Amino acid sequence: MIELKNISKTFRSSKKKTIALNQVSLKINQGKIFGIIGKSGAGKSTLIRCVNLLERPDEGEVWVDNVNLLDLSEAKLTLERRKIGMIFQHFNLLSSRTVEDNIALPLELIGTSKREIKSRVDELLHLVGIGDKAKEYPANLSGGQKQRVAIARALASNPTLLLCDEATSALDPATTKSILNLLKEINQKLNLTILLITHEMEVINRICDEVGVIDDGILVEHGSVEDVFTNPKEDITKEFITNSLDLSLPTFFEKNISASKQENAATIYKLSFTNLPHYNSIIEEVKGLFSSEIELINSRIEYAGSVNYGTLFIKVQANEQNNRAIENHFTAQTFNIKKVGYVGNSN
Ligand SMILES: Nc1ncnc2c1ncn2[C@@H]1O[C@H](COP(=O)(O)OP(=O)(O)OP(=O)(O)O)[C@@H](O)[C@H]1O
């Protein structure tokens with residue numbers, strides 16, 4: 001089990017002081033995948049680096065399998081760190097070593113015999129699905145293959161915890177999916193605990209059991225992925241959820257939209273929601289109530305476990321009074337509604 005207790009970290013230079021982490025506490029049970037999401041500069045890297053003490057917190061405790069790493073001597077810390085593997089956004093492979101020699105490196109450093117290294121490396125190459133790449137150099141591999149090598153290297157010393165620092169941020173969507181699938185597979189096969197940091201809700205949704213949202217060095221919200229999607233408490237969490245849908249206004253409307261209302265213009269709204277199984281019937285109800293012309297112009301609905309969340313653009317042909325009533329009605333039904341602009345009646 002991993003437990004962080006009241007971790008704080010401040011960076012100081014002659015000119016300024018940055019509080020990167022402020023009293024962060026979290027617990028991760030063995031075999032779980034915990035994702036930390038936050039914007040750029042929120043403190044994600046500092047937090048994950050505090051878990052293996054690449055960064056030493058100013059305050060707090062870092063418990064890994066019932067040992068507070070901050071209490072250990074350098075020699076003991078080196079031993080405990082073998083239980084913690086880490087992978088990075090840019091893979092950090094040694095370009096002068098072949099794939100098999102990259103994977104072998106941590107085992108060479110702890111004096112494992114050549115025979116043992118050979119058999120462990122073969123096992124790892126197959127586990128991560130690159131059995132045919134043993135003799136290649138990193139320069140001849142795709143990004144996804146490089147990350148597989150990095151995962152194999154991180155697993156070489158049989159860690160109980162894997163730290164993933166934006167591990168899929170440099171990969172295209174299809175490769176991201178395959179690396180996330182691999183992480184999930186390894187998590188299940190080896191009962192490996194995974195702590196990852198990301199700025200993409202899709203990563204959280206796809207493989208995490210639990211999520212923590214970090215903002216300005218503070219862990220503002222955490223819980224099971226399903227609970228947080230069902231009932232996001234913080235605006236930043238709602239923003240991550242709806243932005244993850246990456247839905248934009250169709251080009252035709254984007255070109256014709258204006259910020260000021262001309263006579264008879266229709267209003268374009270962006271609606272978003274989480275956990276509304278009957279979102280469709282709510283829209284139908286609003287149409288009926290206001291006898292307005294409400295046209296759905298783009299939508300995307302996804303699921304986190306059994307919880308749906310979505311973003312929709314609608315075009316409403318109504319007078320100002322009815323527009324306001326429609327806005328109020330959607331808000332009362334827990335939609336988030338934002339006016340995007342106006343388009344002429346002919347559009
Ligand atoms: N070594 C350092 N010296 C000074 N300030 C630092 C240092 N490392 C991080 N910071 C500052 O601490 C804050 C948190 O940084 P951190 O890298 O943890 O954020 P992040 O969420 O990982 O951001 P990103 O997604 O952009 O990598 C930022 O304001 C950053 O500028």
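This is a predicted model: local features need pLDDT of at least 70, side-chain atom pairs count only at pLDDT 80 or more; totals for chains, interfaces and linings use all residues.
**Domains**

Then I checked the contacts between them and found 6 residues of domain 1 touching 7 residues of domain 2. On the domain 1 side, helix H8 (residues 225-230) supplies the largest share, 4 residues. By class, that side of domain 1 has 3 nonpolar, 2 polar and 1 charged residues.

**Overall make-up**

I get 12 helices and 14 strands for the protein. Along the principal axes, the C-alpha atoms fill a box of roughly 80 × 45 × 40 Å. Of the 347 residues, 35% are buried. I also looked at contacts with a separation of 6 or more, and 69% of them join residues 24 or more positions apart.

I checked the record too: the unreviewed UniProt entry carries the annotation "domain: ABC transporter" over residues 2-241. Across residues 2-241 I find 38% helix and 28% strand, with the end C-alpha atoms 26 Å apart.

**Around the ligand**

Which residues are around the ligand? My list reads Phe11, Thr18, Ala20, Gly38, Ser40, Gly41, Ala42, Gly43, Lys44, Ser45, Thr46 and His199. Strand S2 (17-28) and helix H1 (44-51) are the elements that give two or more residues to this shell. H1 gives the most, with 3 residues. Sorted by class, the shell comes out as 3 nonpolar, 8 polar and 1 charged.

**Lys44**

I went on to Lys44, one of the residues around the ligand. Lys44 lies in helix H1. Is Lys44 buried or exposed? I counted 23 C-beta neighbours inside 10 Å, and the cut-off for buried is 20 or more, so Lys44 is buried. Setting aside neighbours within four places in sequence, I have Lys44 in contact with Ile36, Gly38, Ile197 and Ile214. Gly38 is itself on the list around the ligand. I also looked at Asp216, 172 residues from Lys44 along the chain, and the two C-alpha atoms are separated by 9.7 Å.

Leaving out neighbours within four places in sequence, Ile194 is in contact with Ile33, Leu162, Cys164, Leu183 and Asn187.

**Positive phi**

Asn264 has a phi near 65 degrees, a positive value in a residue other than glycine. I find Asn264 in the loop between helix H10 (251-256) and strand S11 (266-274). Asn264 counts as exposed because 11 C-beta neighbours lie inside 10 Å.

Thr334 has a phi near 70 degrees, again positive in a residue other than glycine. The loop in question runs between helix H12 (320-332) and strand S14 (336-343). For Thr334 I get 12 other C-beta atoms within 10 Å, and exposed takes 12 or fewer, so Thr334 is exposed.

Technical notes
Residues are numbered from 1 along each chain as its sequence is written. Two residues are in contact if their C-beta atoms, placed from the backbone, lie within 7 Å. Ala, Val, Leu, Ile, Met, Phe, Trp, Tyr, Cys and Pro count as nonpolar, Asp, Glu, Lys and Arg as charged, and the others, Gly among them, as polar. A residue is near a molecule or strand if its C-beta atom, placed from the backbone, lies within 6 Å of it. UniProt positions are given in the numbering used here, feature names are shortened, and annotations may be inferred rather than shown by experiment.
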